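Dear colleague,

I am passing a structure on to you, and below it you will find notes on what was found. Please read them with the structure open beside you.

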Amino acid sequence: MQATMSVDEAIRARRSVRGFRPEPAPDALIREAFELAQFAPSNCNAQPWTPHVVSGSALSGLRAELIAAAERAEPINPDYPADYDFRGVYRERQIDAARQLYAAMGVARGDLEGRKRAYLRNFASFDAPQGAFVFMPETFGVREAADVGMYAQTLILALTARGLATCPQGALSFYPEIVRRRLGVAAGQKLLFGIAFGYEDVAVDANAARVGRADLRSAVAFHS
């Protein structure tokens with residue numbers, strides 16, 4: 001199943017989608033994208049990523065348990081810190097992204113119930129029919145995590161080029177013990193994030209949200 005986009009087109013088309021149609025993508029298409037992602041670069045070619053691809057009853061059961069943990073406000077216990085400390089322009093971008101998303105969903109700032117529902121949607125992986133939970137061995141650190149990030153971007157672009165929508169999600173790593181137990185993953189494998197993927201449901205209000213990007217002059221320093 002050949003890609004339908006150039007690299008440039010896939011990069012520009014990719015965005016975090018928060019509403020998916022129920023039908024799964026063909027297994028052959030998914031395997032092709034994951035095979036392509038194996039060409040991602042990594043330090044000393046260590047290839048420190050271990051994605052677990054989940055669908056069907058395995059995903060629905062896992063999703064139900066994650067939602068239940070979040071609904072009862074069980075304290076999160078991610079393998080890697082999730083205490084984000086955005087400041088300055090980074091905080092401004094975070095706030096703008098949240099405003100765009102909540103505006104698209106019609107959730108007002110003071111609508112606590114609406115915000116709670118939006119939060120819980122993360123643990124439902126936005127109803128995506130397929131997803132990947134991405135682990136790396138506990139012996140690795142920040143450098144290898146950067147390699148896993150490059151792998152994830154390669155995978156996401158491969159999926160995008162084949163007509164699939166994606167949403168990389170830190171929230172799917174908040175209850176790693178549930179994920180490990182459900183998927184039979186060894187304790188020495190630590191969960192970095194999840195990636196929801198499938199066909200976009202354009203009728204979902206959240207998918208109307210759009211965020212901008214910093215211009216080249218403020219983002220990149222050129223030296224000569």
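Thr166 lies in strand β3, residues 165–169, where helices (H or I, at least four residues) and strands (E, at least two) are DSSP runs numbered from the N terminus. The model is a predicted one, in which local features need pLDDT of at least 70 and side-chain atom pairs count only at pLDDT 80 or more, while totals for chains, interfaces and linings use all residues. Residues are numbered from 1 along each chain as its sequence is written, and side-chain values use heavy atoms, with hydrogens and water left out.

Thr166 is buried, with a relative accessible area of 1%; buried means under 20% relative accessible area, exposed over 50%, and partly exposed in between, using a 1.4 Å probe and protein chains only. Not counting residues up to four places away in sequence, Thr166 touches Arg14, Arg15, Ser16, Val17, Phe20, Ile156, Leu159, Ile195, Ala196 and Phe197, a contact being heavy atoms within 4.5 Å.

**The sheet**

Strand β3 belongs to an open sheet of four strands in the order β1-β2-β4-β3, with antiparallel pairing; two strands pair if DSSP finds at least two bridges between them. The edge strands are β1 (50–55) and β3, each of which pairs on one side only. On average, and with direction ignored, neighbouring strands of this sheet are turned by 25 degrees against each other; axes here are lines fitted to C-alpha atoms, for helices over the stretch in contact, and angles run from 0 to 180 degrees between N-to-C directions.

Going through the sheet pair by pair, β1 is joined by six bridges to strand β2 (residues 130–137), the two running antiparallel, and the bridge partner of Pro51 in β2 is Val134. Strands β2 and β4 pair in the antiparallel sense over eight bridges, and Gln130 stands opposite Phe197 in β4. Strands β3 and β4 pair over five bridges, again in the antiparallel sense, with Cys167 opposite Ala196 in β4. Strand β4 is mostly covered, since 10 of its 10 residues are buried. Helix α6 (residues 142–161) lies across β1, β2, β3 and β4 (189–198), and runs at about 15 degrees to β4.

**Enclosed and open spaces**

Rolling a probe the size of a water molecule over the atoms shows where empty space is left. On a 1 Å grid over the protein atoms alone, a cavity is a set of points where a 1.4 Å probe fits but cannot get out, and a pocket is an open set with protein on both sides within 12 Å along at least five of seven lines, while lining residues have an atom within 4 Å of a point. Grid points are joined across faces, edges and corners, and a volume is the space filled by probe spheres set on the points.

The structure holds one cavity of 30 Å³ or more, and the largest cavity has a volume of about 60 Å³. Its lining includes Leu59, Leu62, Phe123, Gly131, Ile195 and Ala196. The elements that give two or more residues to this lining are α3 (56–71), β2 and β4, and the largest share, four residues, comes from α3. By class, the lining of the largest cavity has nine nonpolar, two polar and one charged residues; Ala, Val, Leu, Ile, Met, Phe, Trp, Tyr, Cys and Pro count as nonpolar, Asp, Glu, Lys and Arg as charged, and the others, Gly among them, as polar.

The second largest pocket has a volume of about 180 Å³, and among the residues that line it are Ala25, Ile30, Phe34, Val54 and Gln130. Its lining takes at least two residues each from α2 (27–37) and β1, and α2 gives the largest share, five residues.

**Two loops**

Most residues other than glycine have a negative phi. In the loop between α2 and β1, Cys44 has a positive phi of about 60 degrees although it is not a glycine, and Cys44 is exposed, with a relative accessible area of 72%. Gln47 is placed in the loop between α2 and β1; its phi is positive, near 50 degrees, and Gln47 is partly exposed, with a relative accessible area of 30%.

Gly188 is found in the loop between α7 (176–183) and β4, and is partly exposed at 27% relative accessible area.

With best wishes
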